[in-house]
Amino acid sequence: GRIVNIEGDPDHPVNRGTLCPKGASLVDFIRSPHRLTRPEYRGPGETEWKPVSWDWALDRITRLMKETRDTSFRTTEVNKKDQKEYVVNRTDGMAFFGGAGLDNEECYLYQKFLRSIGLVYIEHQARI
């Protein structure tokens with residue numbers, strides 16, 4: 001299949017069928033010869049990107065996230081003000097930055113997942 005046209009809903013009460021800049025440029029984005037269709041990897045010290053499989057890329061991301069979480073996970077913290085120890089169960093070793101390509105439901109699921117593994121530094125471009 002090939003996308004030939006993108007239109008908004010003319011009956012929509014807010015935008016009356018008009019598209020945002022991202023939606024209006026979507027066909028050009030999809031048809032671009034520069035669009036990546038597979039993951040690429042450039043190792044430390046390397047100058048060239050090389051294509052890799054999705055399985056390899058996802059396994060590597062998962063492994064690095066687990067290693068980072070394991071090495072930076074904190075279960076307790078002493079409050080400097082009252083010198084009491086509090087349970088924190090968090091990792092300060094990684095952060096997540098979401099983008100406008102995520103809808104509300106995806107953001108909700110990401111929040112649930114990221115909080116469950118102990119992330120506290122979670123941001124979204126819409127807030128910047």
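Tutor: Rings of Phe, Tyr and Trp (its six-membered ring) form an aromatic pair if their centres lie within 6.5 Å; planes under 30 degrees apart count as stacked, over 60 as edge-to-face and the rest as tilted. This is a predicted model, in which local features need pLDDT of at least 70 and side-chain atom pairs count only at pLDDT 80 or more, while totals for chains, interfaces and linings use all residues. Residues are numbered from 1 along each chain as its sequence is written, and side-chain values use heavy atoms, without hydrogens and water.

Student: How many aromatic pairs are there by this rule?

Tutor: A pair of aromatic rings is described by the distance of the centres and the angle of the planes. Under the rule above, the count is two.

Student: How is the pair of Tyr41 and Trp56 classed?

Tutor: The ring centres of Tyr41 and Trp56 are 4.8 Å apart. Their planes stand at 65 degrees, which makes the pair edge-to-face.

Student: Is Tyr41 buried or exposed?

Tutor: Buried means under 20% relative accessible area, exposed over 50%, and partly exposed in between (1.4 Å probe, protein chains only). Tyr41 has a relative accessible area of 17%, so Tyr41 is buried.

Student: Which residue has Arg69 over its face?

Tutor: A charge sits over a ring if NZ of Lys or CZ of Arg is within 6 Å of the ring centre and within 35 degrees of the ring normal. Arg69 lies 4.4 Å from the ring centre of Phe73. The residue is therefore Phe73.
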